[in-house]
Amino acid sequence: MVKVHIIGGPGSGKTTLAQCIAARFQVPHYNLDKVGWKQVNEVDIAEQSGWVTEGIYLIFTEAMLYHADYIVLLNAPLPVLMQRMVRRHVLNSLRGTQDYPGLNGIKLLIKLMKDTRHYYLNQSDKEVPSAKSLQNYIEQHAEIASPPTKEFMSEYVSTYREFIIPPTAQFVTDYLERYKEKVILINDRADRDRLFELLMKL
């Protein structure tokens, strides 16, 4: 069975790809936006025989990154992402499935688009530690971080709670460096097809 973790910014296609993988390989799909990091027992998910998880998050997903067969990093041009976010908002509003309807929903959409722009242009509005500093923490605790235990994850999340949502796309790239052998960057349909070819071989 396959174990895949998908990461990418808003509008990058995480849910669509995750649903496709889950359906084709008959594994559970966990949308981390919906279950929420405080409710997820990430180690229990990661130790299952097969799964696909997706979200923009780091830190509490460490066990998933460690156990994943492949880590999928989605990439798309910023204008495409913006268009997708607006389209999703409009369609959900028309269907009556909009979680944030009305004026508040529009305000949140504008904020999301602004945050997404900063994320992909690597413009953080706060001082952030380097991804290397987070990796140093893992390396210093290698005896409990390989594989990540529940105790390690509790301490790790407590230490770096504010960086569960990564501040920039570059931060994500740097953070995933330690897993580079199994990171698959997807820019287009050809990359997506290559991913499915690799998964079929597992």
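**Close-up views of the predicted model**

**View 1. Val86 belongs to a nonpolar surface patch.** Because its relative accessibility is 34%, Val86 counts as partly exposed, a class lying between buried (under 20% relative accessible area) and exposed (over 50%), with a 1.4 Å probe and protein chains only. This is a predicted model, in which local features need pLDDT of at least 70 and side-chain atom pairs count only at pLDDT 80 or more, while totals for chains, interfaces and linings use all residues. Residues are numbered from 1 along each chain as its sequence is written, and side-chain values use heavy atoms, with hydrogens and water left out. Val86 sits in helix H5 (residues 78–95); helices (H or I, at least four residues) and strands (E, at least two) are DSSP runs numbered from the N terminus. Together with Val90 and Leu94, Val86 makes up a patch with about 270 Å² of accessible area, the areas coming from the Shrake-Rupley method with a 1.4 Å probe and only the protein chains shown counting as cover for residues. Patches consist of residues with over 30% relative accessible area and no salt bridge, joined within 9 Å for like charges and within 5 Å for nonpolar side chains (Val, Leu, Ile, Met, Phe, Trp, Tyr).

**View 2. Strand S4 (residues 70–74) is mostly covered, with 5 of its 5 residues buried.** In a regular strand the side chains alternate between the two faces of the sheet. In S4, Tyr70, Val72 and Leu74 are buried on one side, and Ile71 and Leu73 are buried on the other. Strand S1 (residues 3–7) runs parallel to S4 and is joined to S4 by 4 bridges, two strands being paired if DSSP finds at least two bridges between them; His5 stands opposite Ile71. S4 also pairs in the parallel sense with strand S5 (residues 183–186), over 4 bridges, and there Leu73 has Leu185 as its bridge partner.

View 3. The whole structure holds 4 salt bridges, each defined as a side-chain nitrogen of Lys or Arg within 4 Å of a carboxyl oxygen of Asp or Glu. Lys150 is partly exposed at a relative accessible area of 42%, and Asp44 is partly exposed at 36%.

**View 4. Glu62 and Arg178 meet through their side chains in a salt bridge (3.0 Å, N to O).** Glu62 belongs to helix H4 (residues 62–67) and Arg178 to the loop between helix H10 (169–175) and S5, so the pair ties together parts that are 116 residues apart in sequence. Glu62 is buried, with a relative accessible area of 1%, whereas Arg178, at 31%, is partly exposed.

**View 5. His141 occupies the loop between H7 and helix H8 (142–145).** With a relative accessibility of 19%, His141 counts as buried. A polar atom of the His141 side chain lies 2.8 Å from the backbone oxygen of Tyr137. When neighbours within four places in sequence are left aside, His141 is in contact with Phe152 and Glu155, contact meaning heavy atoms within 4.5 Å. Ser133 is found in helix H7 (residues 131–140) and, at 25% relative accessibility, counts as partly exposed.

Methods
A polar contact is a pair of N or O atoms within 3.5 Å; within protein, one must be able to donate a hydrogen and the other to accept it, and residues adjacent in sequence count only if both atoms are side-chain atoms.
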